[in-house]
Amino acid sequence: SSLSESLLSPQGVYLYGDVGTGKTFVMDTFYESCTHIPLKHRTHFHSFMLRIHERIHEWKKNRDATGSEERDPIPPVAKQIASDSWLLCFDEFQVTDIADAMILHRLFTHLYSLGVVLVATSNRHPSELYKGGLQRAHFLPFIDLLVKKSVVHQLGSGIDYRLRGSAALDLYLTP
């Protein structure tokens, strides 16, 4: 797939808002309703990034063992992810680690070019991601890409649904 072809893939969704406003519930309900999509993965963003770093390390170890001249682990790692998951759902998207910040733009450029769709929840608007982080200027292209490839929507009722007494409610919620 070329990058221009990937622009035809569906946009993702980036839900942000205060704690307890139902972002995770909405995402989980969406994820569970995607029964027609077998290649999907739902995880905490931090766990996803730990796995990315493991895959990069594994790739480098294998490259060194085979004597390959290839130097960039991002394209093959992105290809592995795309072959496993067409839909990625991340809970608690938050970037605090410089190593994560420095690879996200390249990683997601490749993932999006392979047709991967992202649905994410966060407590922060995309423009607030990695705010005050080292070398943030190198991270800003990722924010632009994320906003371009996602519908950004704030969930904000002013109510922390986790703190509401369920005994007073006459309904049952399930993802």
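**View 1. Asp-91 and Arg-42 form a salt bridge, with their closest N and O atoms 3.6 Å apart.** A salt bridge here is a side-chain nitrogen of Lys or Arg within 4 Å of a carboxyl oxygen of Asp or Glu. The pair links distant parts of the chain: Asp-91 sits in strand β3 (residues 87-91) and Arg-42 in strand β2, 49 residues apart. Helices (H or I, at least four residues) and strands (E, at least two) are DSSP runs, numbered from the N terminus. This is a predicted model, in which local features need pLDDT of at least 70 and side-chain atom pairs count only at pLDDT 80 or more, while totals for chains, interfaces and linings use all residues. Residues are numbered from 1 along each chain as its sequence is written, and side-chain values use heavy atoms, leaving out hydrogens and water. Asp-91 is buried, at 8% relative accessible area. Arg-42 is partly exposed, at 27%. Buried means under 20% relative accessible area, exposed over 50%, and partly exposed in between (1.4 Å probe, protein chains only).

**View 2. Arg-42 also forms a salt bridge with Asp-28.** The closest N and O atoms of this pair are 2.6 Å apart. Asp-28 lies in helix α2 (residues 23-33) and Arg-42 in strand β2 (residues 40-44), so the pair ties together parts 14 residues apart in sequence. Asp-28 is buried, with a relative accessible area of 17%. Asp-28, Arg-42 and Asp-91 are linked in a network of salt bridges.

**View 3. Asp-84 and Arg-55 form a salt bridge.** Their closest N and O atoms are 3.2 Å apart. Asp-84 belongs to helix α4 (residues 74-84) and Arg-55 to helix α3 (residues 45-66), so this pair ties together parts 29 residues apart in sequence. Asp-84 is partly exposed, at 41% relative accessibility. Arg-55 is buried, with a relative accessible area of 14%. The structure holds eight salt bridges.

**View 4. Helix α2 has buried residues Lys-23, Met-27, Asp-28 and Tyr-31.** Seen down the axis of α2, its buried residues fall within an arc of 120°, so they line one face of the helix. The arc is that of the directions from the helix axis to the C-beta atoms. These buried residues pack against β1 (12-16), β2, β3 and β4 (117-122). Contact means heavy atoms within 4.5 Å.

**View 5. Five strands make an open sheet in the order β2-β3-β4-β1-β5, with parallel pairing.** The edge strands are β2 and β5 (150-154), and each pairs on one side only. Two strands pair if DSSP finds at least two bridges between them. On average, neighbouring strands of this sheet are turned by 10° against each other, direction ignored. Axes are lines fitted to C-alpha atoms, for helices over the stretch in contact, and angles run from 0 to 180 degrees between N-to-C directions. Strands β1 and β5 run parallel and are joined by five bridges. Val-13 has Val-151 in β5 as its bridge partner.

**View 6. The structure holds zero disulfides.** Cys-34 is in no disulfide, and the nearest cysteine sulfur, that of Cys-89, is 6.8 Å away. That distance is too far for a bond. A disulfide is a pair of cysteine sulfur atoms within 2.5 Å. Cys-34 is buried, with a relative accessible area of 4%. Cys-89 also counts as buried, at 0% relative accessibility.
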